[in-house]
Amino acid sequence: MKILLVRVSSLGDVLHNLPMVADILRRHPGATIDWVVEEGYQSLVRLHPQVRKIIPWALRRWRKSLGKLETRAEIKGFFRTLREEEYDYVFDTQGLLKTGIIMGAARVRRGGKKVGLANGSEGSGYEGISRFFHTDSIPLDPRTHAVARGRMVAGAALGYPINTAPDFGLPAPQGAQRPAFLPPDDYAVFFHGTARDAKKWPHADWIALGQALAPMPVLLPWGSQSELEDAQSLASALPNARVLPKLSMMDAVGVAQHARLAVGVDTGLTHIAAAFVRPTVEIYCDSPKWKTEGNWSDRIVNLGDMGMPPSAPEVIAAARRLLETS
């Protein structure tokens, strides 16, 4: 059996799609699984040893230069590569027009299926036109967890129940190469940055948490100029904190993978720490907890909810408990 997964973005959403691979191979151990993903996230998918082929999609870059001959040649090359294989099943678990177009262009064997979402989840960017490209559309409760959505779509199409904890297929920290810029001993990482200000946790609360964890080193990654300024401000108040250099996505993944403790707002790198089953505190300030909370391990604590950010004492207590028991 040959299967193609179409989940192109974003970082957290690609991560949440990974358990589909283990589910499918548990029921169909001889299957081969390929994946179409935005080029910036292909290194994350490559961490999964059971994804055979990754087909990079570069729309974010292409749209800046659609008039150039080399860009149009790249796009043609993408679709040529996409159509090299015939698949038994193509799954689009994003439900957008662009992912529908990819699904539509993919080739299936006689009797093959193109399976996608019949509806979006609450607050999602689902585009109903994507159903035009399906042979089968799977309806789900609008409040289905982000990890469960893809798993349930594949389970419904392939005829198996979803009754196990998600297996992300990510390598354990033991034996994985530790980035040279990391401290040699235990450290905490604060994933404080997020694109939407309403999802941020108050500056004073981060400082209180860092002080409570002292003398454990606290690492502060960043991804934009404003996040760098926030990290520098936090570090100026925390002698045990260090602002990291600008990191590649995979270096940032390594920070999450090796952390003794990860604390972060609702963002992709926080969810990556939870997927590695590192001791993680997920902080929800202005997004619904039900949608992405790490609910597969007691090494993950989810605090706050939409419009109800947790207090510093709540997060400090959770962090200390994880450090004592994990």
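This dialogue reads a few features of a predicted model.

Visitor: Where should I begin with the strands, and which strand does S11 pair with?

Guide: Strand S11, residues 280-284, is joined by five bridges to S12, and the two strands run parallel. Within this pairing, Thr280 has Ile300 of S12 as its bridge partner.

Visitor: Is strand S12 largely enclosed or largely exposed?

Guide: Buried means under 20% relative accessible area. Five of the five residues of S12, which spans residues 300-304, are buried, so the strand is largely enclosed by the rest of the structure.

Visitor: How many aromatic pairs are there, and what describes such a pair?

Guide: A pair of aromatic rings is described by the distance of the centres and the angle of the planes. The count comes to ten aromatic pairs. In one of them, the ring centres of Phe132 and Phe133 are 5.3 Å apart and the planes stand at 90 degrees, so this pair is edge-to-face. Phe132 itself counts as exposed, because its relative accessibility is 70%. Elsewhere in the list of aromatic residues, Trp57, Trp62, Phe78 and Phe79 form one cluster.

Visitor: Which side chain of opposite charge is nearest to Glu38, and how should I read that distance?

Guide: A salt bridge requires a side-chain nitrogen of Lys or Arg within 4 Å of a carboxyl oxygen of Asp or Glu. Glu38, which is found in strand S2 (residues 32-38), is buried yet has no salt bridge, and the nearest side chain of opposite charge, that of Arg60, is 4.4 Å away. Leaving aside neighbours within four places in sequence, Glu38 is in contact with Val8, Trp57, Ala58, Leu59 and Arg60.

Note on methods
Residues are numbered from 1 along each chain as its sequence is written. This is a predicted model: local features need pLDDT of at least 70, side-chain atom pairs count only at pLDDT 80 or more; totals for chains, interfaces and linings use all residues. Side-chain values use heavy atoms; hydrogens and water are left out. Buried means under 20% relative accessible area, exposed over 50%, partly exposed in between (1.4 Å probe, protein chains only). Helices (H or I, at least four residues) and strands (E, at least two) are DSSP runs, numbered from the N terminus. Two strands pair if DSSP finds at least two bridges between them. Rings of Phe, Tyr and Trp (its six-membered ring) pair if their centres lie within 6.5 Å; planes under 30 degrees apart count as stacked, over 60 as edge-to-face and the rest as tilted. Lys and Arg count as positive and Asp and Glu as negative; His and the chain ends are not counted. Contact means heavy atoms within 4.5 Å.
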